[in-house]
Amino acid sequence: MRRSRCEKAEALNTQQATRDLQALTKAQLLTAVGRTKGRHYIAGPRFPERVLATARRHHTISNPYAT
């Protein structure tokens, strides 16, 4: 995830998103990768494994309008 995506998804300003990502990094829920402009965040060592397992599972979306 990138800071800009966090801002848009959560309707935050830059300062709020930066503060939240720093707090999540400090709590080891996220790990920062890269520096400055190219920085993004990945799951950290304390990120819940059950959430990762759900995200990794293949999901099939069916057409609800199919006859």
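These are my notebook entries on a predicted model of a protein chain.

**Ground rules**

I number residues from 1 along each chain as its sequence is written, and since this is a predicted model, local features need pLDDT of at least 70 and side-chain atom pairs count only at pLDDT 80 or more, while totals for chains, interfaces and linings use all residues. Side-chain values use heavy atoms, with hydrogens and water left out.

**Entry 1: the whole chain**

I started with the secondary structure and got 3 helices and 2 strands. Here helices are DSSP runs of H or I with at least four residues, strands are runs of E with at least two, and both are numbered from the N terminus. Going from the N terminus, I read the order as α-α-β-β-α.

Next I looked up the overall dimensions. The radius of gyration is 16 Å, whereas a compact globule of 67 residues would be near 11 Å. That radius is taken over C-alpha atoms, and the globule rule is 2.2 Å times the number of residues to the power 0.38. Along the principal axes, the C-alpha atoms fill a box of roughly 50 × 25 × 20 Å.

I then checked burial: 12% of the 67 residues count as buried. Buried means under 20% relative accessible area, exposed means over 50%, and partly exposed is in between (1.4 Å probe, protein chains only). The accessible surface is about 5900 Å², with 53% of it belonging to carbon and sulfur atoms. Those areas come from the Shrake-Rupley method with a 1.4 Å probe, and for residues only the protein chains shown count as cover.

Residues 24 or more positions apart account for 13% of them.

**Entry 2: salt bridges**

How many salt bridges does a search of the whole structure find? I got 3. The criterion is a side-chain nitrogen of Lys or Arg within 4 Å of a carboxyl oxygen of Asp or Glu.

One of them joins Glu7 and Arg3, with the closest N and O atoms 2.1 Å apart. Both residues sit in helix α1, 4 residues apart, or about one turn of the helix. Arg3 is partly exposed, because its relative accessible area is 33%.

Arg19 and Asp20 also pair up through their side chains, at 3.6 Å from N to O. I put Asp20 down as partly exposed, because its relative accessible area is 29%.

Glu49 and Arg56 form another, with 3.4 Å between the closest N and O atoms. Both of these residues are exposed.

**Entry 3: Glu7**

I went back to Glu7, which lies in helix α1 (residues 3-10). Is Glu7 buried or exposed? Glu7 counts as buried, because its relative accessibility is 15%. Besides the Arg3 bridge, the Glu7 side chain makes a polar contact with the side chain of Thr14 at 3.3 Å. A polar contact is a pair of N or O atoms within 3.5 Å; within protein, one must be able to donate a hydrogen and the other to accept it, and residues adjacent in sequence count only if both atoms are side-chain atoms. Leaving out residues up to four places away in sequence, I find Glu7 touching Leu12, Asn13, Thr14 and Ala17.

**Entry 4: Thr31**

Last, I looked up Thr31, which lies in strand β1 (residues 30-33). I call Thr31 partly exposed because its relative accessible area is 29%. Which residues does Thr31 touch, not counting those up to four places away in sequence? I listed His40, Tyr41, Ile42, Ala43, Gly44 and Pro45. I also checked Thr31 against Gln16: they are 15 residues apart in sequence and 18 Å apart in space, C-alpha to C-alpha.

Methods
Contact = heavy atoms within 4.5 Å.
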